Amino acid sequence: MKKLLVANRGEIALRVMRSAREMGIKTVAVYSDADRHALHVRYADEAVHIGPAPSNQSYLVGSKIIEACKQTGAEAIHPGYGFLSENAAFARQVREAGLILVGPSPEAMEVMGNKLSAKAAALKYNIPMVPGTEEAITDVNDAKNRAVEVGFPILIKAAAGGGGKGMRIVDRVEDFEEQMQLAVSEATSAFGDGSVFIERYVSSPRHIEIQVLGDTHGNIVHLFERDCSVQRRHQKVIEEAPSSVLTPEIRQQMGKCAVDVARSVNYTGAGTVEFIMDDDLNFYFLEMNTRLQVEHPVSELITGIDLVKEQINIARGEAISFKQEDLHIQGHAMELRVYAEDPANDFLPDIGTLQTYKTPKGPGVRVDDGFEQGMEIPIYYDPMIAKLITYGKDRTEAIERMIRAIDEYQITGITTTLAFGKFVMQHPAFTSGQFDTHFVKKYFTPDVLNTENEDEAKIAAMLMGKLLAAGKQVAVAEAVVGEKNGWVRNRKEF
């Protein structure tokens, strides 16, 4: 593999390209009209334009990606995450074109891409499952009867779903029919597949996932867990590794289960097996993501393994470069997804121009991003600007470094999740480790950020007043001002 095309954009494209460059592999970027001047395009050795800004006319068109490989002589494709990364049809196109996909087989993608077939595969290895149905249900009356057997509250879930779409929590049998119809309708609209199934609803769950790697020589290992329980709209915002609640015994059990799930489909490459955990630390299989995860950096930091390099080597037919017994957890890592979203307005996207953009630095701080000052956040794609990752000798130091890094991160022009991240890092439920996926619903309200903004504005006004009263001749003063996206430094002329 001498040349690798990265079929993605933004921070993950840059992340893959940097590891490839260290391995002596040339890289090819693809870009839409919206990304013509993007950092990943400038960083790559070559770049190919693949169409208009909307992803369904560019990044999601597999034939354009394959044609770009032919045009540049790239032998392999790394899909990153999102877009075509879990598309079995595209994986087959790549194979038929004689190219290498840095990822699992299309057959593994198909099995794990459907929650019901994934559960069926996992059951062969006696993986713990949430009580519920093992097949799709379409008849409402039959579904209602099964729900009563499982016991309320129950969760209706789309078989082909993800991201909270086609998902409904039902507390009472009287509400079941309406909620099932809504779930089927939403699943059909989002995935073109209206099949749903039923699970008992775990009321206070932790979201724990295990990073796995498999090669073509039959080796499968896990790289321990990540706790991804701080979420909004069923989407992760903060992740950490290791989890603050797992015992060594449970960690070993979950690791073995994750390896068995991967083994059930002869998995190759990097993947993540996701579990839900209840108050009593009982864990149940949820699904498998057949790609590199957004939050992979925290696993890299606690293990010292470059997951992208391992992916590439596996795709080249090499064996995993280490054994399970070689791995040990070292330190603790935190990740905050810095989204262009307004936490005070239900985390709705806030698109605009990065008028100020300066990243934090210093010990234990890593920023994976794809933007620079003056760039616009496109409306066509996910609103994530960057991943802010911190590492410390223990959880306390990782949290302290995250707070310091958030304070140093300077972003103006748009509202971000930085202030929300600081709120989480300082909240007693989080610092104590006693939280679940309902953290936002339980503890976060917009007024907590507004209160901080008001206090910061008062401090800024007081500082300005003192400077002016003293009659100091300054051309430029730096005042700390409150922004919805956290503490930033804003230069004021006066």
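In this predicted model, Leu-281 lies in the loop that runs between strand E12 (269-277) and strand E13 (283-289). The phi angle of Leu-281 is near 65°, a positive value in a residue other than glycine. Phe-224, however, belongs to strand E10 (residues 220-232), and its relative accessibility of 10% places it among the buried residues. Most residues other than glycine have a negative phi, and most peptide bonds are trans.

The bond from Phe-152 to Pro-153 has omega near 0°, and Pro-153 is placed in the loop between helix H7 (140-150) and strand E6 (154-158). The bond joining Ala-241 and Pro-242 is likewise cis, with omega about -5°; Pro-242 occurs in the loop between E11 and helix H9 (248-263).

The largest nonpolar core contains 41 residues, of which Ile-385, Leu-388, Phe-420 and Phe-430 touch the most other members. Two or more residues are contributed to this core by each of several elements, including strand E11 (235-241), strand E19 (384-392) and helix H12 (395-408). Another core, of 35 residues, lies apart from the largest one; among its members are Leu-4, Phe-224, Ile-302 and Ile-320. In soluble globular proteins, nonpolar side chains tend to be buried together.

Helix H10 (residues 296-303) is mostly covered, with seven of its eight residues buried. The buried set comprises His-296, Pro-297, Val-298, Ser-299, Glu-300, Ile-302 and Thr-303. Just after H10, Gly-304 adopts a positive phi of about 75°. Helix H11 (residues 307-315) is also mostly covered, and seven of its nine residues are buried, among them Leu-307, Val-308, Glu-310 and Ile-314. The N-terminal end of H11 is capped by Asp-306, which has a side-chain oxygen 3.0 Å from the backbone nitrogen of Val-308. Gly-317 follows H11 and has a positive phi, near 95°.

Helix H5 (residues 106-113) packs against helix H6 (residues 115-123) at an angle of about 105°, and the two axes are 5 Å apart. H5 and H6 are therefore roughly perpendicular to each other. On the H5 side the contact is formed by Glu-110, Val-111, Met-112 and Gly-113, and on the H6 side by Lys-115, Ser-117, Ala-118 and Ala-121. By class, this contact has four nonpolar, two polar and two charged residues.

Val-94, in helix H4 (residues 88-96), has a relative accessible area of 0% and is therefore buried. Beyond its neighbours within four places in sequence, Val-94 is in contact with Ile-66, Ile-77, Leu-99, Ile-100 and Leu-101.

A charged residue, Lys-3, is located in strand E1 (residues 3-6). Its relative accessibility is 17%, so Lys-3 counts as buried. The side chain of Lys-3 makes a polar contact of 2.5 Å with that of Glu-46. A polar atom of the Lys-3 side chain also lies 2.7 Å from the backbone oxygen of Thr-72. When residues up to four places away in sequence are not counted, those touched by Lys-3 include Ile-25, Val-28, Gly-73 and Ala-76.

Key: Residues numbered from 1 in each chain as written. Predicted model: local features only at pLDDT ≥ 70, side-chain atom pairs only at ≥ 80, totals over all residues. Heavy atoms only, no water. Core = buried A, V, L, I, M, F, W, Y, C linked by side-chain atoms within 4.5 Å. Buried < 20%, exposed > 50% of the residue type's maximum accessible area, 1.4 Å probe, protein only. Helix = DSSP H or I, 4+ residues; strand = E, 2+ residues; numbered from the N terminus. Polar contact = N/O pair within 3.5 Å; in protein donor to acceptor, adjacent residues only side chain to side chain. Contact = heavy atoms within 4.5 Å. Axes fitted to C-alpha atoms, helices over the stretch in contact; angles between N-to-C directions. Parallel < 35°, antiparallel > 145°, perpendicular 65-115°, else oblique.
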